[in-house]
Amino acid sequence: MGKAEALTVLEHHGLLRIPVKVFQYPTSVTSRQLQQLFGRDTHLVVRTAADSEERNLPRRVGVTAEIAAEWINALPPTLSALVQPYEQVLFSVELAAYEDLHVAEVVPGIWELDNRLAPLVLQIRSDRVDLTATDDESQRARFHDPHHGLHERPARVDDWQLATVTKWIKHHHRALNVTLTDLGHPFGLKLHYSARFGLSPQNLRGTVPDSDTWHGGDHPSTVETTVVSSTNEPIPTGPKLLNVSIAREDHTTLTTFIHRLRETGTREVFLRSGVLSHLAINLREAGITVRSAHG
């Protein structure tokens with residue numbers, strides 16, 4: 001499912017909060033159009049979408065209507081443009097929705113492919129809420145603002161953020177279940193939190209880990225693992241704890257790394273960066289079992 005179709009599903013079920021305009025295969029978008037839609041002085045985010053569920057496609061963040069229009073019109077004809085108002089992201093969530101379970105991995109700031117942050121994990125079943133947290137008080141989280149652009153600073157997930165995620169899931173419980181029924185299978189949501197729009201879904205994931213993944217089990221304290229800290233170093237045999245960084249735009253490096261993992265017979269890896277992270281999604285699609293390093 002492509003991003004444009006995912007937005008239609010989210011809007012149909014009342015889950016879409018931030019206003020988004022989709023331009024299908026655009027060639028003549030004007031800055032005036034964007035200003036009429038979002039305001040003359042509003043900065044914008046432009047994401048791109050293909051017909052299939054492709055990740056790490058090009059985008060522009062925090063740009064003017066003039067820059068956005070010029071960039072959109074130069075896109076390849078196979079891509080559509082999704083335009084929304086720019087908002088500073090305070091924390092990010094990857095949510096997995098099952099029939100009787102909702103699991104949210106939460107990190108401060110913006111969650112990208114090369115993010116090594118260890119998420120806090122919320123598991124919500126009916127009136128029961130379980131929290132799995134790491135020992136770190138703060139981590140080097142990534143943020144973006146119009147004045148400094150992309151930058152890092154120490155941050156942590158605060159109690160009010162966890163409470164916000166829990167409240168959002170419970171408030172949208174029915175809509176999430178109806179979406180699951182309509183899709184016919186568990187699904188994932190990528191969400192950002194901003195001061196103006198609160199928690200806003202950004203995309204719908206077609207696949208999530210099997211629900212048994214969240215029932216506990218082996219983790220690095222009980223399994224002999226080897227830490228892999230670079231995509232370039234030799235890959236050892238046996239279970240591995242991956243602590244690697246891959247830029248979201250560098251799909252070739254990601255593909256090559258996963259191919260090398262498979263060539264060495266890797267069947268299972270542990271991740272600090274979350275079982276719902278972008279890296280985890282790509283690993284599962286390659287047939288590699290992904291477990292949390294913080295189980």
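This is a predicted model: local features need pLDDT of at least 70, side-chain atom pairs count only at pLDDT 80 or more; totals for chains, interfaces and linings use all residues.

Started with Glu112, which is buried at a relative accessible area of 8% (buried is under 20% relative accessible area, exposed over 50%, partly exposed in between, with a 1.4 Å probe and protein chains only). I found Glu112 in the loop between β6 and β7; helices (H or I, at least four residues) and strands (E, at least two) are DSSP runs, numbered from the N terminus. What does Glu112 contact, leaving aside neighbours within four places in sequence? I get Arg59, Arg142 and Arg248, with contact meaning heavy atoms within 4.5 Å.

Residues are numbered from 1 along each chain as its sequence is written, and side-chain values use heavy atoms, with hydrogens and water left out.

**Helix α2**

Looked at α2 (residues 31–38) and listed its buried residues: Leu34, Gln35 and Phe38. Seen down the axis, they fall within an arc of 100°, so they line one face of α2; the arc is that of the directions from the helix axis to the C-beta atoms. Arg32 and Gln36 are exposed on the other side of α2. The cover over the buried residues of α2 includes β1 (21–23), β2 (44–49), α3 (65–73) and β4 (80–85). Just after α2, I noted Gly39 with a positive phi of about 110°.

**Helix α4**

Next, α4 (residues 159–171): 13 residues, reaching 18 Å from first C-alpha to last, close to the 18 Å expected at 1.5 Å a residue. The expected span is 1.5 Å times one less than the number of residues. Which residues of α4 are buried? Gln161, Leu162, Val165, Thr166, Trp168 and Ile169 are. They cover an arc of only 160° around the axis, which puts them on the same side of α4. The face turned away from that side carries exposed Asp159, Lys167 and His171.

**Cores**

The largest nonpolar core has 30 residues, and Val93, Leu95, Val165, Trp168 and Leu189 have the most contacts inside it. A nonpolar core here is a set of buried Ala, Val, Leu, Ile, Met, Phe, Trp, Tyr and Cys residues joined through side-chain atoms within 4.5 Å. Among the elements that give two or more residues to this core are α1 (3–12), β5 (91–97), α4 and β11 (187–194). I checked Trp168: not counting residues up to four places away in sequence, Trp168 touches Leu15, Leu95, Leu176, Leu189, Leu191, Leu199 and Pro201. A second, separate core of 18 residues includes Ile235, Leu254, Leu271 and Ile288.

**Salt bridges**

I counted nine salt bridges, each a side-chain nitrogen of Lys or Arg within 4 Å of a carboxyl oxygen of Asp or Glu. Arg128 pairs with Asp130 at 2.9 Å, N to O; Arg128 is exposed at 51%, and Asp130 is partly exposed at 26%. Arg156 and Asp158 meet at 3.8 Å, N to O. Glu268 and Arg291 form a salt bridge at 2.5 Å, N to O. This pair links distant parts of the chain, with Glu268 in β15 (residues 268–271) and Arg291 in β16 (residues 289–292), 23 residues apart.
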